[in-house]
Amino acid sequence: MTNKAPEGSPDRPGDPVETVRAFLRKKGYPDSITFSEETIFTVDDASRAVGAPPAHILKSLVFLVDEKPLLVLMSGINKADVKKVRSACNAKKVRMADPEFVCRWSGFQVGGVPPVGYPEEIPALLDEDLFLYPVVWAAAGSDHAFFPVSPEDLQNMTGGRKCPVRK
């Protein structure tokens, strides 16, 4: 069962869900963040909580590309291909960021990493398969909060580019 997320308090800076909410509002997107009692930590968890197929769940992955963060946004059923990411970025070294780095750098815990709300602009690559679906479901800063977004809005929000990055 899901409930509309409660309004946050401006005196709670650093709340990850409120960071995402503030980004959405500032950019003119609907505040459609919803909380679930069930976790959305894994794609299967999120699929059950949201009531959408696993392919419609958005995985927000942070990679380090020549030691700089990059967001790779994937359909829930796909895996990122490091070689394709490296080629798309014309990079020398690409690796997935470890959970400690992601949390320290972004303030978001793995399992709730959103596609937006980062402390600095971060380049993004969007899995082409996302565009097969009218709506995908993104984590909203915690493993109990999510929001729906069209792939086109996701691309606009992130300034990312559609790219063949799946294995």
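Predicted model: local features only at pLDDT ≥ 70, side-chain atom pairs only at ≥ 80, totals over all residues.

Trainee: How much space lies in the largest pocket?

Mentor: About 480 Å³. Its lining has 27 residues, and the closest to the centre are Phe41, Lys59, Ser60, Leu61 and Gly111.

Trainee: Which element gives the most to that lining?

Mentor: Strand β3, with 5 residues. Helices α2 and α4 and strands β3 and β7 each supply at least two.

Trainee: And the lining by class?

Mentor: In the largest pocket, 20 nonpolar, 5 polar and 2 charged residues.

Trainee: Now the second largest pocket. How much space there?

Mentor: About 380 Å³. It is lined by 19 residues. Nearest its centre lie Phe23, Glu120, Glu121, Ile122 and Met157.

Trainee: Which elements give two or more residues to it?

Mentor: α1, residues 16-26, and α5, residues 151-158. The largest share is from α1, at 4 residues.

Trainee: What's the class breakdown for the second largest pocket?

Mentor: 10 nonpolar, 5 polar and 4 charged residues.

Trainee: Back to α2. Why is it described as largely enclosed?

Mentor: Because 6 of its 8 residues, in the run 43-50, are buried. Buried here means under 20% relative accessible area.

Trainee: Which residues of α2 are the buried ones?

Mentor: Val43, Asp45, Ala46, Ser47, Ala49 and Val50.

Trainee: What comes just after α2?

Mentor: Gly51, with a positive phi of about 80°.

How values were computed. Residues numbered from 1 in each chain as written. Heavy atoms only, no water. Buried < 20%, exposed > 50% of the residue type's maximum accessible area, 1.4 Å probe, protein only. 1 Å grid on protein atoms, 1.4 Å probe; cavity = no way out; pocket = protein on both sides within 12 Å on 5 of 7 lines; lining within 4 Å. Points joined across faces, edges and corners; volume = space filled by probe spheres on them. Nonpolar A, V, L, I, M, F, W, Y, C, P; charged D, E, K, R; others polar.
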